[in-house]
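I opened my notebook to write down what I looked up, beginning with the ligand and moving on to a helix and a sheet.

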Amino acid sequence: MTIQYPSGRQFLQIPGPTNVPDRVLRAIARPTIDHRGPEFSRMIAEVLDGLKEIFKTSSHVVIFPSSGSGAWEASLVNTLSAGDKVLMFDIGHFSGLWGQVASKLGFDVHVAQDDWRRGVDPQVVEAELGKDRENQIKAVCVVHNETSTGVTTRVREIRKAMDRAGHPALLLVDTISSLGSIDFRHDEWGVDVTIGCSQKGLLLPPGLGFNAISEKALSASKSARFPKAYWDWAPILSQNANGFFPYTPATNLLYGLKESLQMLAEEGLGNVFARHRRHGEATRRAAEAWGLETVAVDPKEYSHSVTALYTPSGHSADAFRKAVLDHFNMPLGTGLGRLQDKIFRIGHLGDFNDLMLAGTLSGVEMGLDLAGVPHRKGGVAAALDYLATTAKGLATVSPL
Ligand code: PLP
């Protein structure tokens, strides 16, 4: 029998879009205002300042009414010229898709490293740039947190590798599933363009894309000759200076962004990162107790926002996910590309707390039983144990 109304809330445990908190939903529900009026202009000044805190930059951030893929495209077309060579890495589905975007635009994509269980290797970066004596590589494109594998690249180490090679290429970094969840520092780590979007750590529905832009990237954009119109930074930056946009912005999502930036500031970005770290660790403890293997193999590269787990060979990860969805109304992340049907992914990012994680892991453990996936008992107990022990040192929640 199919139940028409599934009572209780849905646990949306895909690694983005994430659960949108009520405060943000209420903010978005406000009536739309004139995007060329004084109230809007004041709001934009505030939002742009708040975004700089998130990217950890004192430079420029632009906002597009787009998904993350649009922000990828914007990073390339603003900084490069037709046919320029870019260095990319085959470390997961999204790294590959970004490479396809660059290829379709006609850039000369050089792909290094083919390993979906590790992050970008700083030594590979240094070696590739070292071979490029004529400085033909114009940009190194790295996905900070590969959402398809749950592997985080150490961007600071990539910057150091580029410096050791003494190469002038720009460093472009996708933080789509790390921004507002995992420590990231645009200025300090010498990133030239950081790509982000709204629907993951920033607690919003899909619909906003971001580029944080270093002075070096801004100056590259002035000589870059790739044709662009909608994605062009220049008119956005000039109109943003007065609080406006060159085209109709996503006004209501910007209300939501103002609210979510406020919420992240109230929690404190350091606490937000610590919360994600703790939930990542609790999830891995559950996985270890179940006897399920993470895709990530190097503990230094474990993602704090998403955990990707193999089902034992011969056991369909998709059938398992279907059982969890059908019985517990909980969507889990699917295996993408070469990992399809082999893995499932647990998103533990965004507006999330200990009991939500406990519910999520309970759904996984019951689903493993229902789908007949061989595992040991005790994953939820291991996670709860870790959460309870580590909760002692945390601030308590004060009633409103
Ligand atoms: N990059 C990463 C790391 C992602 O996880 C995603 C989507 O999940 C994208 C890029 C593409 O973003 P979008 O689907 O918003 O275009």
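Which helix gives the most to the shell around the ligand? I noted first that this is a predicted model, and then I found that helix H3, residues 68–79, gives the most, with three residues.

**Entry on the ligand.** I listed the residues around the ligand, among them Ser 67, Gly 68, Ser 69, Trp 72 and Phe 94, and when I sorted the shell by class I had four nonpolar, six polar and two charged residues. I then looked up the side chains that come to oxygen atoms of the ligand: a polar side-chain atom of Thr 147 lies 2.5 Å from one, an N or O atom in the side chain of Ser 69 is 2.6 Å from one, and for Gln 199 the corresponding distance is 2.9 Å. On its own the ligand has 390 Å² of accessible area, of which the protein covers 86%.

I checked the span of helix H10, which runs over residues 269–290: its 22 residues, at 1.5 Å a residue, should span 32 Å, and because its end C-alpha atoms are 32 Å apart, the two values agree. Just after H10, I saw that Gly 291 takes a positive phi of about 85°.

**Entry on a sheet.** I followed an open sheet of three strands in the order S10-S12-S11, with antiparallel pairing, and I marked S10 (306–310) and S11 (333–334) as the edge strands, since each pairs on one side only. Between S10 and S12 (residues 343–347) I found five bridges in the antiparallel sense, and I noted that Ala 308 has Arg 345 in S12 as its bridge partner.

Definitions and conventions:
Residues are numbered from 1 along each chain as its sequence is written. This is a predicted model: local features need pLDDT of at least 70, side-chain atom pairs count only at pLDDT 80 or more; totals for chains, interfaces and linings use all residues. Side-chain values use heavy atoms; hydrogens and water are left out. A residue is near a molecule or strand if one of its heavy atoms lies within 4 Å of it. A polar contact is a pair of N or O atoms within 3.5 Å; within protein, one must be able to donate a hydrogen and the other to accept it, and residues adjacent in sequence count only if both atoms are side-chain atoms. Accessible areas come from the Shrake-Rupley method with a 1.4 Å probe; for residues, only the protein chains shown count as cover. Helices (H or I, at least four residues) and strands (E, at least two) are DSSP runs, numbered from the N terminus. Ala, Val, Leu, Ile, Met, Phe, Trp, Tyr, Cys and Pro count as nonpolar, Asp, Glu, Lys and Arg as charged, and the others, Gly among them, as polar. The expected span of a helix is 1.5 Å times one less than its number of residues. Two strands pair if DSSP finds at least two bridges between them.
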